[in-house]
Amino acid sequence: MRPGPRSSRPACAPAGARVVALAAALLAAPLVSPLAAQDAAPLPERPDSVLTPGTRHAGFLEWRTRVAERARAGASFLVQGARYQLLVLSPMAVDALRPDSLALKATRGCQKALRIGDLEVERIAALDPWAAFDSAARARPVVALVVLPLEERPYDCHAGNLARFAALSRGTLHGPFGAYVRTRDVARAELRRDGLLEPAVLAGRAPVTKVGIDGAAQDGTQHLRLYLEPELFAPTAEGTAARVEVHVWNPIDPEPEILPVPEQVVRAVWQQLLPWRATLLGDDGQVARLAAPLVVAAPRDSALLAAHRAYEAGARGDASALGDAAAGALERLMYRSLPPRREIRGAMLEAASVFSAFGEDEAAMSLVADVMEAYPCLTFAPTVQPSLREMGELARTPARCTAVPLPWIALRSIVPGGGTWTTPQRRGLALTLFAATVGAYLLAGATHDFADGEYAKYVAYDGRTEPRAGPLYKRAQSARTIANVTTIAAAGIWAFSAGEAVWHEWEHARALRDVRGVGAPRGGRRAASVIPLVAPGRAGLALSIR
Amino acid sequence: MRRLLRSLGLAAITVVAGACDLREPFPRTNPFDPDAEVEITLLAPDSTHAVGERITVTVQSSMPLPPGPLAITWRSSNPGLLTSLGNGDYLVLNATTTYLPVTVVADFAGTLYSRVVYVGRRVTP
């Protein structure tokens with residue numbers, strides 16, 4: 001799983017479903033209208049309960065402990081608004097940012113810029129207002145949302161983003177600060193998914209530690225944490241990311257500042273917990289059966305290979321192995337170094353296949369959408385389970401899924417950049433190559449002319465004037481050498497543009513072949529191609545399936 | 001792969017054809033150039049036989065000479081015997097019955113070309 005930028009996909013919900021969703025949103029509107037911040041009771045500074053694991057959470061504590069011991073596997077995300085910022089932390093991210101050494105590193109990084117003493121640095125790094133909350137929420141897979149005021153003049157001095165996020169997760173801000181301002185304080189926050197208010201399973205507040213010039217202070221400014229069910233970040237039934245917003249109130253204004261959580265963050269947070277969800281597959285006695293298992297090449301990565309073997313066993317009827325296959329594959333993808341892209345793709349598709357077989361289409365869709373973003377031309381073989389093929393079509397983004405014949409590219413390369421121009425979305429590069437080649441040739445021609453002129457002076461030199469014949473010749477010959485080098489450079493650019501265009505298209509064609517008919521049984525992959533057909537009495541295109 | 005190589009070959013041939021505008025170094029033909037690869041010969045009579053005789057030394061070059069009059073300085077190794085009148089003309093000022101070698105020099109702005117002329121007086125019976 002790659003918590004990377006994602007593009008939005010068009011919603012493909014049937015009209016009826018959209019109407020229902022709209023009606024639900026309208027009906028819910030009065031219930032979620034903003035409340036004045038002062039009307040709500042302040043959140044506690046100590047956890048008022050301990051989140052006990054339910055039947056669906058059994059084993060989570062052991063799982064996250066094992067993951068945390070193996071690597072810093074969680075990614076955290078910072079979302080900044082006009083006055084506030086959100087730090088979104090999965091349980092693994094909470095564990096990754098927990099070590100005091102990271103908070104110490106952040107403050108040490110800022111020590112010189114903010115003129116802080118050594119003892120003060122140690123004291124600041126020891127502040128951990130959320131230890132009790134984290135402990136109370138430890139046994140449940142919950143997403144922590146840290147709501148902080150923005151730094152007034154942020155200092156980029158934290159010795160890395162991980163250290164910076166570790167400091168932020170403890171409510172420690174670095175930079176020069178003015179006096180306490182109520183409109184920048186955080187009084188209350190709530191999360192809404194698709195417009196509906198979603199309750200936090202645990203929430204609390206803690207003072208912000210402002211590490212400014214010459215020391216740290218707590219001036220009464222608060223920050224909050226909301227612990228939320230990860231399902232709030234689940235994709236919609238159509239496979240699109242949910243619209244998640246956080247409303248933040250200060251102590252005096254009745255209107256909140258609304259911070260939309262970017263779609264990429266929503267999806268990435270959800271996906272971070274997929275490995276855990278995979279471990280639950282089949283726990284409730286549900287038996288899945290892979291009617292049409294994917295067939296992908298066996299990976300070389302040992303963990304992925306074990307997951308692949310489990311998948312194959314599941315495909316042969318050992319249903320209990322299927323959950324292990326998805327869990328093993330997705331957990332492996334949490335750790336660095338990542339396996340080759342092809343193996344990642346195969347593992348994600350196998351995991352998606354398993355989720356789909358267990359009826360967890362949201363999770364499957366999330367994985368398929370991620371794969372389709374990296375491989376927009378991927379097509380499944382007709383033998384692959386229909387649900388997966390439908391997901392692939394839903395998640396497909398516009399892309400060029402055809403290849404231009406290489407001889408045509410080479411022929412077009414007779415004009416510098418012409419081959420590059422043939423392939424779409426590279427017109428800028430093509431123009432640059434054309435201009436560079438033509439420019440270099442023009443420069444070479446002008447330099448040759450100059451050289452010829454200087455040589456003519458040399459030939460006509462009659463001993464009367466300065467410069468003398470020797471310097472005249474040197475000038476002419478230097479200009480000719482420069483002109484020749486410029487010609488070679490022009491030819492080099494031309495050759496590069498031609499070679500690059502052919503190579504690029506060859507790679508593209510190879511990538512297309514690689515993702516065509518994915519999941520077909522070995523030796524059974526079918527490739528369709530359209531070829532020119534000339535026969536007596538007719539001419540046109542023929543569809544050939546090999 | 002064969003298709004790729006064929007296409008790359010086609011592209012390479014095209015480019016090589018386009019890159020043929022590489023030019024040879026200029027020839028060094030000017031006799032005023034100390035590094036010129038030009039053969040200069042001074043044409044003059046081998047000897048003179050009387051006082052008051054005038055000889056003319058001319059320049060012959062393996063390459064075309066610059067057009068127009070050239071700024072050549074003409075000198076003699078023994079101006080007392082054979083003096084330069086300029087433009088390659090020399091006058092015998094003195095001579096003995098013993099023929100003496102005199103070098104006539106054409107100075108091409110520091111590049112020297114020379115030839116030996118024997119200056120003497122023919123004894124009349």
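I took a charge to sit over a ring if NZ of Lys or CZ of Arg is within 6 Å of the ring centre and within 35 degrees of the ring normal. With that criterion I went through this predicted model.

**Entry 1: charges over rings.** I found the charged end of A:R345 over the ring of A:Y375, at 4.8 Å from the ring centre. I noted a second case at A:W421, where the charged end of A:R427 sits over the ring at 4.3 Å from its centre.

**Entry 2: aromatic pairs.** I counted 13 aromatic pairs over all chains. I then examined B:F108 and B:Y113, whose ring centres lie 5.1 Å apart; the pair is edge-to-face because the planes stand at 90°. I checked the exposure of both residues. B:F108 has 0% relative accessibility and therefore counts as buried. B:Y113 has a relative accessible area of 14%, so I recorded this residue as buried too, the limit being under 20%. I also recorded one aromatic cluster, formed by A:Y455, A:Y458, A:Y473 and B:F26.

**Entry 3: nonpolar cores.** Which residues have the most contacts inside the largest nonpolar core? I found A:F355 and A:L378, in a core of 90 residues. I listed the contacts of A:F355, leaving aside neighbours within four places in sequence: A:L274, A:R277, A:A278, A:L281, A:L330, A:E360, A:A363, A:A364 and A:L367. Apart from this core I located another, of 34 residues, which includes A:A469, A:Y473, B:A36 and B:Y113.

Terms used. Residues numbered from 1 in each chain as written. Chains lettered and ligands numbered in written order. Predicted model: local features only at pLDDT ≥ 70, side-chain atom pairs only at ≥ 80, totals over all residues. Heavy atoms only, no water. Core = buried A, V, L, I, M, F, W, Y, C linked by side-chain atoms within 4.5 Å. Buried < 20%, exposed > 50% of the residue type's maximum accessible area, 1.4 Å probe, protein only. Contact = heavy atoms within 4.5 Å. Phe/Tyr/Trp six-rings, centres within 6.5 Å; stacked < 30°, edge-to-face > 60°.
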